[in-house]
Amino acid sequence: MRSAFNHILLAEKCIDPLFESKPDFEVQRLILESVGLDQYLPENAEEYVRFQLENSEDPMLEGITLEKLAENHCSMPLPGTEEPRIGYADRQFKTPTGRMEVYYEDMTPVEQALPTWVENSEAYEGNPLAEKYPLQLTQTRTRFFVHSHFRAAKWLQQFYTPYLEMNPADLADRGIQDGDTVEIFNDRGSFKAPVRANAAIRPGSSRIYEAAWSKHVVEGNFQNVTNNRLSDRHEYLLTGAPISFNDTLVEVKKA
Amino acid sequence: MTKYGMAINLDRCIGCHTCANACKMQNNVPSGMLWNRVLTEGSDVIDGAMGEYPNLTRTFVPVACQHCENPACQRVCPTGATYKDDKGRVEVDFDKCIGCRMCMAACPYNARVFNWNEPARDTGFDYGDPRVPVRPKGVVEKCTLCKERTDNGEEPECVVCCPTTARVFGDLDDPNSEISRLIANRAAGVLLEEQGTRPQVYYFD
């Protein structure tokens, strides 16, 4: 249910969820179920909306019920509304063409008029480079820090200092022991860190928690190996070129 | 009789480590020491897993003093510094502790830490609850079940701070307490049962 300026809107289902995607509310329920706290949430979205409408003390919701909303094609003016809000009455839109755009006209040269999936530039199946550098390196978030924030906090360093993690099978293949200092390298550069065995790491990949300060890394910086290719669409993007950190292939050897 | 204990819900524990630091703060635990640790079952690293990829399971297990009914530490303590108090908690009298560390060798849970040096604190000052005694060099220390709080009708800091309410504190001798009912109704177990220490800390999911 949404407040839309001087109207209240009931969001209707448009299509069934695709593949394994789920509505937000269902995700919330599943999370709470997993920790045994789901009894505090309404059973379903309808019950949730009904609760909001029936328990609100807001005078703006006077006389608005779920049934009336449904009868009114899911949109009702709030009490006292004379004129509905009309957006873009002048038909001027803040787009490159000034018109309402249902696709990105200006991104057609890079084939992203509509969002289109593009294969990884390095970590893709069948890349001959993988013979030299077979491991995908991923830099993932850790609960202990917010990117590079809080890194100097001694009480957080108690729980984590930078190390690479690999599947035990991949370590065994390379004659590397849990705890060894290793060099992580490719054609762009290298860095050194201890490596830990972790069964949760997908074989063929390696993981390091992102954004450690260089001074906390045995040698070098994680970004010495990071894929530095800029995709051809970057100049069309509002915030510039994204860095494809995880689209990186490396090899690991004992330092 | 009062017999304080703890029950920890392993489905709710998300390994956030809030309890580890909350305890450290409350109890003025010095640098390099923790009274409460959060382990990842079957793994030497945090966020590990058990099994072989991709058939994996992950469980976080917070471990501190288990406040055993039959404490191995008490048995080996030469001075009686380690004792079981009138509320069922295992405590250390720092005046009697001679720092022999037999208790550390005996404890199957590695629950104790030792002040090898003059205790240092990253802050440069004492923190936490002023009711908690400041320990000197040469004594052992561990989870007290927040004695200063629980003597005063408050719950241990780790229980209060847990963001998923995974911890329950209460009187195991009261059959109507939340903890007693939990242990009766859920399949709650203890760690290293075969050691025979009879922990008063239970784990369930």
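How many nonpolar, polar and charged residues does the lining of the largest pocket have? In this predicted model, the lining of the largest pocket has 12 nonpolar, 3 polar and 10 charged residues. The pocket itself has a volume of about 850 Å³, and 25 residues line it, among which Met1(A), Ala11(A), Pro23(A), Phe25(A) and Ala45(A) lie nearest its centre. Two helices of chain A, H1 (residues 24-34) and H2 (residues 45-54), each contribute at least two residues to this lining, and the largest share, 5 residues, comes from H2(A).

The second largest pocket has a volume of about 390 Å³. It is lined by 16 residues, and those closest to its centre are Val118(A), Glu119(A), Arg229(A), Ser231(A) and Arg233(A). By class, the lining of this second largest pocket is made up of 5 nonpolar, 5 polar and 6 charged residues.

Chain A, which holds the residues named for both pockets, contains 5 helices and 9 strands, and these elements follow one another along the sequence in the pattern β-β-α-α-α-β-β-α-β-α-β-β-β-β. The radius of gyration of chain A is 26 Å, whereas the globule rule gives 18 Å for 255 residues; because the value for the chain is well over that of the rule, chain A is more spread out than a compact globule. Along the principal axes, the C-alpha trace of chain A spans about 75 × 50 × 35 Å. Of the 255 residues in chain A, 33% count as buried, and the accessible surface of the chain comes to about 16700 Å², with 52% of that area belonging to carbon and sulfur atoms. When contacts in chain A with a separation of 6 or more are considered, 66% of them are accounted for by residues 24 or more positions apart.

Chain B contains 6 helices and 11 strands. Its radius of gyration is 17 Å, close to the 17 Å that the globule rule gives for 205 residues, and chain B is therefore as compact as a globular protein of that length. The C-alpha atoms of chain B fill a box of roughly 50 × 40 × 30 Å along the principal axes. Of the 205 residues in chain B, 52% count as buried, while the accessible surface of chain B comes to about 9600 Å², of which carbon and sulfur atoms hold 49%. Residues 24 or more positions apart make up 62% of the contacts in chain B that have a separation of 6 or more.

Rolling a probe the size of a water molecule over the atoms shows where empty space is left. A search of the whole structure finds 4 cavities of 30 Å³ or more, and the largest cavity holds about 170 Å³ of space. The lining of the largest cavity consists of 20 residues, of which Met6(B), Ala64(B), Cys143(B), Cys158(B) and Arg167(B) lie nearest the centre. Three strands of chain B, namely S1 (residues 4-9), S5 (residues 60-63) and S11 (residues 201-204), each supply at least two residues of this lining. By class, the lining of the largest cavity divides into 14 nonpolar, 5 polar and 1 charged.

Note on methods
Residues are numbered from 1 along each chain as its sequence is written. Chains are lettered from A and ligands numbered from 1 in the order in which they are written. This is a predicted model: local features need pLDDT of at least 70, side-chain atom pairs count only at pLDDT 80 or more; totals for chains, interfaces and linings use all residues. Side-chain values use heavy atoms; hydrogens and water are left out. On a 1 Å grid over the protein atoms alone, a cavity is a set of points where a 1.4 Å probe fits but cannot get out, and a pocket is an open set with protein on both sides within 12 Å along at least five of seven lines; lining residues have an atom within 4 Å of a point. Grid points are joined across faces, edges and corners, and a volume is the space filled by probe spheres set on the points. Helices (H or I, at least four residues) and strands (E, at least two) are DSSP runs, numbered from the N terminus. Ala, Val, Leu, Ile, Met, Phe, Trp, Tyr, Cys and Pro count as nonpolar, Asp, Glu, Lys and Arg as charged, and the others, Gly among them, as polar. The radius of gyration is taken over C-alpha atoms; the globule rule is 2.2 Å times the number of residues to the power 0.38. Buried means under 20% relative accessible area, exposed over 50%, partly exposed in between (1.4 Å probe, protein chains only). Contact means heavy atoms within 4.5 Å. Accessible areas come from the Shrake-Rupley method with a 1.4 Å probe; for residues, only the protein chains shown count as cover.
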